[in-house]
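Dear colleague,

Please find below the structure that I am handing over to you.

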Amino acid sequence: MKKSTAVALAITLGSGGAIAETGSQRGPLSEGDMKSVSPALERYADTRLAGKLWKESDLSPRDRSLVTVSAVIARNQTILLPEQLELALNNGVTPAEISEVITQLAFYAGWGNAVAATAITHDIFSKRGISSTQLPGADGESLPLDEKAEAARAARVEKSIGAAAPGLVRDTTDVLFQDLWLRPGLTPRDRSLVTVSALIANGQDQQIPPHLNRAMDNGLTQEQASGALSHLAYYAGWPNAFSAAPVFKTVFEQRQSK
């Protein structure tokens with residue numbers, strides 16, 4: 001791979017082909033842009049992200065894109081989002097899945113972050129000729145509900161916070177687990193991967209155990225979960241990854257002991 005090609009790929013993967021706003025919009029960062037500010041950052045993007053991280057075998061490129069887009073939206077890093085969306089589409093994430101990722105993250109990373117992502121995604125979709133006919137509808141047939149597992153989940157939540165926030169308990173059941181989580185536009189495994197990635201990215205360690213267990217029940221392997229955590233060290237920062245690591249360890253050990 002020629003140096004110029006490698007750097008361009010590194011910028012796309014590492015910095016999201018950043019589009020900055022300083023009074024007016026500018027195009028993707030060039031090699032010179034990054035190097036003129038931080039030559040070391042350009043080197044890390046080239047050698048560690050493009051050269052290694054995105055080529056690791058514990059996660060597919062598609063999964064890495066799901067993890068990265070989720071983290072970028074959750075942290076409202078809109079400067080990174082355009083090229084990460086382009087990369088996700090190139091890596092096999094469908095427009096319908098991106099639409100569902102944004103919807104999922106409205107509930108797990110905040111409404112404003114999801115709305116900000118829709119504006120940027122609208123431009124990417126328009127450029128690619130992606131229309132609303134290719135996206136999941138607002139309503140439609142739901143995936144089947146595991147009534148026994150849902151009853152157990154609802155009971156745990158009621159016991160934990162029911163006295164403090166009955167409205168939150170009600171909406172967690174009615175809006176999230178009996179509606180949002182049953183939307184078929186994302187597989188349960190991918191919906192869980194998106195959610196866990198957002199929780200790690202935003203340092204929500206207390207919320208990780210039930211969602212990591214759910215992710216693994218939905219088909220995410222331990223190797224893939226570990227790969228997502230390592231990947232997020234670069235996109236959400238080492239402290240968030242290190243804070244989540246003991247939580248992952250506990251969940252893995254508890255599952256192995258059963």
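The notes below cover the fold, the pocket, a surface patch and the salt bridges.

This is a predicted model, in which local features need pLDDT of at least 70 and side-chain atom pairs count only at pLDDT 80 or more, while totals for chains, interfaces and linings use all residues. Residues are numbered from 1 along each chain as its sequence is written, and side-chain values use heavy atoms, with hydrogens and water left out.

**Fold**

The protein chain has 13 helices and zero strands; helices (H or I, at least four residues) and strands (E, at least two) are DSSP runs, numbered from the N terminus. Of its 258 residues, 44% count as buried, where buried means under 20% relative accessible area, exposed over 50%, and partly exposed in between (1.4 Å probe, protein chains only). Thr68, in helix H4 (residues 61–74), counts as buried because its relative accessibility is 0%. Thr68 and Tyr235 are 167 residues apart in sequence, yet their C-alpha atoms are 6.8 Å apart in space.

**The largest pocket**

The largest pocket has a volume of about 1300 Å³. On a 1 Å grid over the protein atoms alone, a pocket is an open set of points where a 1.4 Å probe fits, with protein on both sides within 12 Å along at least five of seven lines, and lining residues have an atom within 4 Å of a point. Grid points are joined across faces, edges and corners, and the volume is the space filled by probe spheres set on the points.

The lining comprises 35 residues, and those closest to the centre are Arg153, Phe177, Pro210, His211 and Arg214. Two or more lining residues come from each of helices H6 (95–108), H8 (147–161), H9 (166–177), H10 (188–201) and H11 (208–217). H8 gives the largest share, eight residues. By class, the lining holds 18 nonpolar, eight polar and nine charged residues; Ala, Val, Leu, Ile, Met, Phe, Trp, Tyr, Cys and Pro count as nonpolar, Asp, Glu, Lys and Arg as charged, and the others, Gly among them, as polar.

**Surface patch**

Phe107, Trp111, Val115 and Val175 form a nonpolar patch on the surface, with about 370 Å² of accessible area together. Such a patch is made of residues with over 30% relative accessible area and no salt bridge, nonpolar side chains (Val, Leu, Ile, Met, Phe, Trp, Tyr) being joined within 5 Å and like charges within 9 Å. Accessible areas come from the Shrake-Rupley method with a 1.4 Å probe, and for residues only the protein chains shown count as cover. Val175 lies in helix H9 and is partly exposed, at 32% relative accessible area.

**Salt bridges**

A salt bridge is a side-chain nitrogen of Lys or Arg within 4 Å of a carboxyl oxygen of Asp or Glu. By this rule there are 15 salt bridges.

- Asp58 and Arg64 meet at 2.5 Å, N to O; Asp58 is partly exposed at 21%, whereas Arg64 is buried at 1%.
- Lys127 and Glu86 pair with their closest N and O atoms 2.5 Å apart. The pair links helix H7 (residues 111–128) with helix H5 (residues 81–90), across 41 residues. Lys127 is exposed at 60%, whereas Glu86 is buried at 12%.
- Glu100 and Arg191 meet at 2.9 Å, N to O, and link helices H6 and H10 across 91 residues. Glu100 and Arg191 are both buried.

Finally, salt bridges with shared partners join Arg62, Asp63, Glu97, Arg189 and Asp190 into one network.

With kind regards
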